[in-house]
Structures are given as structure tokens and as C-alpha cells.
Amino acid sequence: MLYSAPSFTRPAQCGTLYTSYGTNNMTINAILQARAGAKCELCSAEQALTAFVVPHSPASDDDHSVAICDTCRGQLEQPDTLVVNHWRCLSDSMWSQVPAVQVMAWRQLKALSGKGEVWAQDLLDMMYMEDEAKAWAEAGIADEDDDSVPTVDSNGAVLQEGDSVTLIKDLDVKGAGFTAKRGTLVKGIRLTNNPLHIEGKVNGVQIVLVAAYLKKA
């Protein structure tokens with residue numbers, strides 16, 4: 001079974017979120033647009049925004065998503081392109097009242113601190129989070145560190161964050177109104193806290209895919 005997560009096509013206007021699938025996604029779109037105030041919730045850039053579901057979240061609704069710019073999204077999805085100075089913006093966004101934004105800021109600061117960035121650790125030491133938000137943030141880090149149960153494809157090959165995979169059969173995408181065709185290439189997958197599933201974009205929609213129906217490209 002496949003489920004669609006909130007996904008927004010690249011907008012034509014700065015500061016606007018768009019979606020094409022379903023009333024629920026349109027509601028999330030409106031909520032994120034109002035909450036973000038046409039600015040990236042991580043770096044405050046006034047440019048095109050897209051919805052980003054916080055990895056390792058218990059749900060894919062607006063409470064577990066952030067509206068971010070292409071610059072932030074690109075570096076989050078491809079950590080090897082990370083520009084350290086870009087993330088000094090977190091000194092502002094870490095004080096957001098939105099738990100999802102706090103979680104993203106905390107995790108990125110944690111990653112930067114692990115790379116030896118003293119300023120990131122200083123910000124972490126100052127950061128305040130409610131217990132529930134802190135547990136959510138730390139759970140994501142723990143999940144990423146725990147490789148005791150690997151995610152494997154149909155051939156038993158271990159899948160890693162950022163891999164590309166190919167569908168080995170047609171799959172109906174529940175809630176998105178289309179069929180993901182056999183042979184479709186899914187690039188830049190994300191692992192989930194369930195080793196049987198991965199997340200990836202098909203037809204511009206972020207969906208959950210069963211690893212057993214995939215082949216590593």
C-alpha cells in the first residue's frame with residue numbers, strides 16, 4: 001500500500017506554495033503559506049517555497065512539515081553540498097514557536113556541531129525546546145544512527161539515504177490518483193523509521209514505497 005505525503009510543485013511565484021493533489025493537501029498548503037508569511041521557515045529567504053515533511057515524524061501533516069526555500073531543501077536532501085555559513089541563519093529560526101521548525105533547526109545544528117562547528121554547539125547550548133519537541137528531534141538522530149535493521153531492495157541490496165531506485169511493478173498510489181509505473185526511476189530516496197519502507201518522489205508527489213517492490217539503480 002502506498003500513501004502520498006504533502007508535496008508541492010515548484011511555484012512560479014516567490015513565496016507561494018502550490019499543490020495538485022487532494023483537498024487535504026490544499027489545506028496543508030494554505031496553513032503552511034499563512035504560517036510561513038512568504039518566507040523560508042529556516043533561513044527567512046523570500047523566494048519560492050515548497051513543503052518539506054520533517055524526516056522521522058509520526059505524521060505527514062502541517063504540524064510535521066516546514067515551508068522552505070530551494071537552497072535549504074537542496075542542502076538538506078544532499079548533505080554533501082552543505083554550505084556551512086548558510087546555516088548561521090538558524091540563530092534566528094531556532095527560536096521559532098513552531099515545533100517542526102525547532103526540530104529541523106536542532107537537527108541541523110547537531111549535524112554541524114558534529115562537523116566541528118563550535119558556533120553550532122554554542123547555539124544548541126542556548127536553545128530551548130519543550131520536552132516533546134526535544135524527544136522528536138532526538139528520535140530522528142537516533143533513527144539515523146541505528147543501522148541494526150537495514151532497508152533492502154527486492155534483491156537484498158542495502159538501500160541508503162539518497163540512493164536511486166527503480167519500481168519493479170505497477171503500484172497504485174493511494175490518495176494521489178495515479179499509478180506509479182514499473183520501470184519508474186525514483187531519485188534521492190529517504191529512509192524511514194520502518195526498514196520495509198522508503199520515501200521518494202513519483203510524478204512530483206512525495207510518497208511512501210515498499211522496499212520489496214524496488215530495485216537499486
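L109 touches L90, M94, W119, A120, L123, L124 and M127, leaving aside residues up to four places away in sequence. Welcome to this predicted model.

**Nonpolar cores**

- The largest nonpolar core has 36 residues, and those touching the most other members are C40, L42, V66, I68, C72, W87 and L109.
- At least two residues of this core come from each of strand 2 (49-53), strand 3 (65-69), helix 2 (70-77), helix 4 (99-114), helix 5 (118-126) and helix 6 (131-145).
- Helix 4 gives the largest share of this core, with eight residues.
- Another core lies apart from this one; it has 17 residues, including V165, A176, A180 and A211.

- Three strands form an open sheet in the order 7-4-11, and their pairing is antiparallel.
- Strand 7 (185-186) and strand 11 (214-216) are at the edges with a single partner strand each, so one side of each has no neighbour in the sheet.
- Two bridges join strand 4 and strand 7 in the antiparallel sense.
- V165 has V186, in strand 7, as its bridge partner.

**A closer look at T166**

- Is T166 buried or exposed? T166 counts as buried because its relative accessibility is 19%, and the cut-off for buried is under 20%.
- Leaving aside residues up to four places away in sequence, T166 touches G183, T184, L185, Y213, L214, K215 and A217.

Note on methods
Residues numbered from 1 in each chain as written. Predicted model: local features only at pLDDT ≥ 70, side-chain atom pairs only at ≥ 80, totals over all residues. Heavy atoms only, no water. Buried < 20%, exposed > 50% of the residue type's maximum accessible area, 1.4 Å probe, protein only. Contact = heavy atoms within 4.5 Å. Core = buried A, V, L, I, M, F, W, Y, C linked by side-chain atoms within 4.5 Å. Helix = DSSP H or I, 4+ residues; strand = E, 2+ residues; numbered from the N terminus. Pairing = 2+ DSSP bridges.
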